[in-house]
Amino acid sequence: MPLKIVYLLVRRVLGRAVLVLRTDLAKDAELLVLRHENAVLRRHASRVRYEPTDRIWLAALARLIPRNRWAEVFPVTPATLFAWHRRLAAKKYDTSKRRKPGRPPTVPGVARLLVRLAKENPLWGHRRIHGELMKLGVTVAPSTVWEILRAAGIDPAPRRAGPTWRQFLHW
């Protein structure tokens with residue numbers, strides 16, 4: 001995000017420079033590119049590695065220089081400049097860090113507490129466990145309790161000792 005803001009600010013400043021300084025603008029931009037290239041080369045003794053700020057700077061300056069001069073002016077190929085620009089523009093539409101749709105997963109600590117309650121109280125069903133969790137201030141749906149117990153291999157509604165309803169009604 002901060003990288004995007006810096007890129008946009010540099011573009012705006014350079015755009016304003018275009019409006020104010022109409023004379024020999026392409027030459028001035030080329031000089032800026034060459035000066036920046038010299039600064040990068042001074043930093044690196046061996047292979048040149050462009051940092052994100054260098055990429056932003058060169059991509060922003062590329063808008064001020066005619067495309068037919070890019071190959072002569074820039075230290076990288078025009079395809080590389082386009083790739084850097086695409087990556088910068090793609091960050092605007094990157095949704096990977098946004099929250100996924102649907103219900104968020106249950107906190108692992110709550111699931112462990114729920115399973116512990118079920119193991120320590122084998123006669124409690126999922127509704128009773130849900131009620132006890134509500135008393136403790138833990139907000140979770142009864143269906144979630146049922147799913148967690150079933151996934152843990154515990155019967156969510158254990159059979160009680162004694163006759164079934166069918167047996168009771170036949171008496």
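Colleague: Which residues of helix α7 are buried, and where on the helix do they fall?

Modeller: In α7 (residues 126–135), H126, I129, H130, E132 and L133 are buried, meaning under 20% relative accessible area with a 1.4 Å probe and protein chains only. Helices here are DSSP runs of H or I, at least four residues, numbered from the N terminus. Seen down the axis, those buried residues fall within an arc of 165° (taken from the directions from the helix axis to the C-beta atoms), so they line one face of the helix.

Modeller: Before we go on, this is a predicted model: local features need pLDDT of at least 70, side-chain atom pairs pLDDT 80 or more, while totals for chains, interfaces and linings use all residues. Numbering runs from 1 along each chain as its sequence is written, and side-chain values use heavy atoms, leaving out hydrogens and water.

Colleague: What does the face of α7 turned away from its buried side carry?

Modeller: That face has exposed residues, exposed being over 50% relative accessible area. They are R127 and K135.

Colleague: What covers the buried residues of α7?

Modeller: Cover here goes by contact, heavy atoms within 4.5 Å. The covering elements include α6 (108–120) and α8 (142–151).

Colleague: Which residue just after α7 takes a positive phi?

Modeller: Look just past the end of α7, where phi is about 90°. The residue is G137.

Colleague: Is W165 buried or exposed?

Modeller: W165 is found in helix α9 (residues 165–170). Its relative accessible area is 67%, so W165 is exposed.

Note on methods: Helices (H or I, at least four residues) and strands (E, at least two) are DSSP runs, numbered from the N terminus.
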